[in-house]
Amino acid sequence: MSKKSTLQVEKANEFIVDWLKTYATNAKVNGFVVGISGGVDSAVTSTLCAQTGLKVVCVQMPIHQSECQVNRGKEHIDQLMQRFPNVSEAESNLTTVFETFKEVLPSDTEEHQLHLTLANTRARIRMTTLYYYGGIYGLLVAGTGNKVEDFGVGFYTKYGDGGVDLSPIADLMKSDVFALGAYLKVPESILTASPTDGLFGDERTDEDQLGASYDELEWAMRQDEVGKSANSFSGREKTVFEIYKRLNTVNQHKMQPIPVCILPQSLK
């Protein structure tokens, strides 16, 4: 089921950088702010932004974060600042903010639901932080979601990492992101790390949460796009396709515009 990228990386790189520069110029802003997680998506996004020559602020926002994730993010930022003079770094340790926020909220709920809600809360606190940096420096918040996450399984937090001004890699499959990351000389430690959202304060990976790898989900997304159904497959393929369809269905509320109640003209 593995799907290797067929992305024309050099031309895709140039296209995305030109798109970013044009958008920022038309918006009359100074550049971009990117949240750095230690993963490949944020590393690729920040490198693309850096190539525009505009101001780029890379922000680490640990909340009870794994040391290895913080170290990978730091390694990437250090490398990026050596390569691009328009890149600067910032760190806002949000652990205390998160713990203080928890103190004023109810916690008498089912444990799994509480953990999931708090994980999404982390993402929303980070979104608020990125917009603070964007506001004081006149920058756009660049999203780091890829196509499988954003339009396949909806694996992001609504108004968290989904709260952005523009999405430079949201039309790239995960395999495309890795191919572009290798081309952009993203640190090997990031390219070989197991993808994780880092929202639970433990070592669980994205695959642990989703029940399938990105290669598998990418395969399922392509099968769905050509009209295949679960009955077309058996064994692991059928299981993966059903996982994809379930997540795609339950997370449509993230992918569709906010519903608006339109009154009939007779009531106006």
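Q: Which residue of strand 2 is the bridge partner of valine 33?
A: Valine 57 is the bridge partner of valine 33. Do keep in mind that this is a predicted model, where local features need pLDDT of at least 70, side-chain atom pairs count only at pLDDT 80 or more, and totals for chains, interfaces and linings use all residues. Residues are numbered from 1 along each chain as its sequence is written, and side-chain values use heavy atoms, with hydrogens and water left out.

Q: How do you know that strand 1 and strand 2 pair?
A: Two strands pair if DSSP finds at least two bridges between them. Strand 1 (residues 31-35) and strand 2 (residues 55-60) are joined by five bridges, so they count as paired, and they run parallel. Strands here are DSSP runs of E, at least two residues long, numbered from the N terminus.

Q: What makes strand 3 and strand 4 edge strands?
A: The open sheet has the order 3-2-1-4. Strand 3 (87-91) and strand 4 (139-141) each have a single partner strand, so one side of each lacks a neighbour in the sheet.

Q: Why is tyrosine 23 called partly exposed?
A: Buried means under 20% relative accessible area and exposed over 50%, with partly exposed in between (1.4 Å probe, protein chains only). Tyrosine 23 has 38%, so it is partly exposed.

Q: Why is cysteine 261 called exposed?
A: Its relative accessibility is 70%, so cysteine 261 counts as exposed.

Notes. Helix = DSSP H or I, 4+ residues; strand = E, 2+ residues; numbered from the N terminus.
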